[in-house]
Amino acid sequence: MKLLHNITAVFLKTARAHSCAAEPAAARHLGADMCKELRTKVLRLLPATSNGPSVHSEGHTDESEVLSCTAKALKEGHVVAVPTDTIYGLACLAQSSEAVRRTYGIKGRNEQKPLAICVGEIQDIYKYCKVPVQKALLGDLLPGPVTLVFERSEELNTDLNPFTSLVGVRIPDHSFMRHLCQMCGEPLALTSANVSSQTSTVAVHEFKELWPKVAVVVDGGPIGDQSRLGSTVVDLSVLGKYRIIRPGCALSATVDVLQHKYGLSEDSGEQ
């Protein structure tokens, strides 16, 4: 999904408090009486026109403001809903144990099921993962609809997936998400924006029941793929081997890179 440009903010009632003083300027014209109510910020991303970026108009904010608003909510320990290159996701700071617990609660997710992390650049992976493959391989698969599973490093929050020594890492092919990670300066824990075991979502109205539980919903419009398969998840933690954990939406292209370009063999799990 290409980077989306002008943004307009819409505010809905929720059970989570956000003061008007912290809201962007584009929202404050709605009146001081709004300060007395509870809000979730719904930030709508508008696509570019055929001739370039959409024309700025009254009531729209710029990209830097929506990034700032979303990053602020994350740094305050909240959970946000965001578009990716595959499906909509719930994100929080991976290094915040309380935010991670909140994410599990919002989804009703089994706490023995892991959360992936999302970073902005390939070099960030090396801080949080032990990488036994060539950097060029990472560059061939990322950014893209692939989650790579490695041994976790000591830098990663021990309360994130404490039941396993592995962690999946993503760099979505989505400029907003990459910029958001860069603004936060640390990895985001990322999971699908849906109630656990329900269908993955490709439009914000499909997980509207979760809106009251998150601080920000970033509406990027319908996800282009519409397959709802999510990313292809592949374990690369064993030197020279790969193991497909989830086929996802990019299985064929991923296996082609791993086998034919880098000579990795499929790990059958046999000793």
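This is a predicted model: local features need pLDDT of at least 70, side-chain atom pairs count only at pLDDT 80 or more; totals for chains, interfaces and linings use all residues.
**The largest pocket**

Begin by selecting Arg109, Pro114, Thr191, Val233 and Arg246. Of the 36 residues lining the largest pocket, these are the closest to its centre. The space in this pocket amounts to about 830 Å³. Next, colour the strands β5 (88-93), β8 (146-152), β9 (166-170), β10 (188-192) and β13 (241-246), the elements that each give two or more residues to the lining. The largest share, 4 residues, comes from β9. Colouring the lining by residue class shows 13 nonpolar, 16 polar and 7 charged residues.

**Helix α6**

Now select residues 175-184, which form helix α6. Phe176, Met177, Leu180, Cys181 and Cys184 are buried there. These residues lie on the same side of α6, because they cover an arc of only 135 degrees around the axis. Then step past the end of the helix: glycine 185 follows α6 and has a positive phi, near 75 degrees.

**Helix α2**

The buried residues of α2 itself are Val66, Leu67, Cys69, Thr70, Ala71, Ala73 and Leu74. A distance check between the end C-alpha atoms of α2 gives 18 Å. This agrees with expectation, because 13 residues at 1.5 Å a residue should span 18 Å.

**Threonine 86**

Move to the loop between β4 and β5, where threonine 86 is found. Is this residue buried or exposed? Threonine 86 has a relative accessible area of 5% and therefore counts as buried, the cut-off being under 20%. With its neighbours within four places in sequence left aside, display the residues in contact with threonine 86: Pro145, Arg170, Val202, Ile223, Gly230, Ser231 and Cys249.

**Glycine 105**

Finish in helix α3 (residues 97-107), where glycine 105 lies. Its relative accessibility is 54%, so glycine 105 counts as exposed. Glycine 105 and serine 196 are 91 residues apart along the chain, and their C-alpha atoms are separated by 9.9 Å.

Conventions:
Residues are numbered from 1 along each chain as its sequence is written. Side-chain values use heavy atoms; hydrogens and water are left out. On a 1 Å grid over the protein atoms alone, a cavity is a set of points where a 1.4 Å probe fits but cannot get out, and a pocket is an open set with protein on both sides within 12 Å along at least five of seven lines; lining residues have an atom within 4 Å of a point. Grid points are joined across faces, edges and corners, and a volume is the space filled by probe spheres set on the points. Ala, Val, Leu, Ile, Met, Phe, Trp, Tyr, Cys and Pro count as nonpolar, Asp, Glu, Lys and Arg as charged, and the others, Gly among them, as polar. Buried means under 20% relative accessible area, exposed over 50%, partly exposed in between (1.4 Å probe, protein chains only). The arc is that of the directions from the helix axis to the C-beta atoms. The expected span of a helix is 1.5 Å times one less than its number of residues. Contact means heavy atoms within 4.5 Å.
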